[in-house]
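Work through the two exercises below with the structure in view. Each task is followed by a solution in steps.

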Amino acid sequence: MNNQIIKAIYFQKLQSIAQLSKTFNKSIPLITKSVNSLLEMNLIEGNDLAASTGGRRAIQFKINNNLNTYTLVIALDQFYTSIYIFDLENNVIAENVDNYNPLKNSTKALETIIRLTEAIIVESKIPVTDFLGMGISMPGFVDTEKGINDSYDKQSKLYHIKKHISDHFNIPTIIENDSTCIAFSEQKFGAAKNIKSSLVINLNWGVGLGMIVNDQIFKGSSGYAGEFSHIPLSDSNELCSCGKKGCLEVEASLTAAVKNVQTAINAGEKSSLEGDQHNNLLAQGDALLESALNGDQLAVANLGKIGYMLGKGIATLIHILNPEAIIISGRGARAGTILMPQIQTAINEFCIPRLAQATQLKISDTNKQAQSLGTSAFIIDNFIQTLFHTN
């Protein structure tokens, strides 16, 4: 019971004994006993009083953030590596974000990941023993149980990335798919909170999907559910990163929008982006989003194109899964006000109205931070019980 209660307090931030009793359907005396035990171990502390409901205001409990306990997050996408240190209240203690580090060169990529992680530990001056655990989140066919990324062949350094990282730092380590982490973050802290059935789209250089079914993260029979980007909805002849033609990703990702804008500028179209010199995809993507939000017509039009293709894919998801909500998260969610009208247009065109009307469309406020926050939350979910043995 203690383990369940401390997790509930972490995910909800503040909980009273009455709220915990309702959450777990357990008696007030039993919950009180567990709460007192956690107080004695100094793992939680009383905080603000809950709002009055007519009687005495109840004490709310929170995680004790003076435990000198942290999580270490390695958040990867196809091109960039970001490292974060969080405390137990989800505050970022240190970060080194958006380091260009393409995963195609697996040996060099792993070396860079280790170097950046070593640097942030040194910079933070946090002893290795104060880390509750490490979490790696990355694209691909991540098998959490086996600790591998099956998108790489067995000779690749990134196939066994969890083992390499865990052995190097001697810290308990988990690995999870990036879109699953984003969905977990939105479920616990963001736009999917209190929604039992939702689909969370990770709009980044590709297009990922995390699924929440009956209030649980759904991964499918082999853990690889959610390959939204490879639904064959595109008429383009361009090859996808998976080596096939027709995948949604080639027309519904930030990479697609950046390429389309550059092609249009080369063909003579006018834009505030014309003449910009960017030496990497991140800078191009950020410039595109910024220009679109400032009203650049070419940027708006091309983000609209990927929004329309996303909408076609979303219509398919609605027909198959009938979710309560679909949430756009990830790096591209920053352009939500531009994407949403085109997404809605495609849903109106391709989706049965009765089904479409039963699904809310939302844009995440967490967006770019969702991956790191969700990764940290998975570390807590997996390792928080170790606090009982160290305090």
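**Exercise 1.** State how much space lies in the largest cavity, and describe its lining.

Solution. Step 1: the largest cavity holds about 180 Å³ of space. On a 1 Å grid over the protein atoms alone, a cavity is a set of points where a 1.4 Å probe fits but cannot get out, and lining residues have an atom within 4 Å of a point. Points are joined across faces, edges and corners, and the volume is the space filled by probe spheres set on them.

Step 2: 17 residues line this cavity, and Asp77, Asn204, Arg331, Lys368 and Gln371 lie nearest its centre.

Step 3: S4, S5 and helix H12 (370–383) each give two or more residues to the lining, and S5 gives the most, with 4 residues. Helices (H or I, at least four residues) and strands (E, at least two) are DSSP runs, numbered from the N terminus.

The model is predicted: local features need pLDDT of at least 70, side-chain atom pairs count only at pLDDT 80 or more, and totals for chains, interfaces and linings use all residues. Residues are numbered from 1 along each chain as its sequence is written, and side-chain values use heavy atoms, with hydrogens and water left out.

**Exercise 2.** Give the strand order of the open sheet and explain which strands stand at its edges.

Solution. Step 1: the order is S6-S5-S4-S7-S10, with mixed pairing; two strands pair if DSSP finds at least two bridges between them.

Step 2: S6 (92–100) and S10 (173–177) each have a single partner strand, so one side of each lacks a neighbour in the sheet.

Step 3: S7 (residues 131–138) pairs with S10 in the parallel sense over 5 bridges.

Key:
On a 1 Å grid over the protein atoms alone, a cavity is a set of points where a 1.4 Å probe fits but cannot get out, and a pocket is an open set with protein on both sides within 12 Å along at least five of seven lines; lining residues have an atom within 4 Å of a point.
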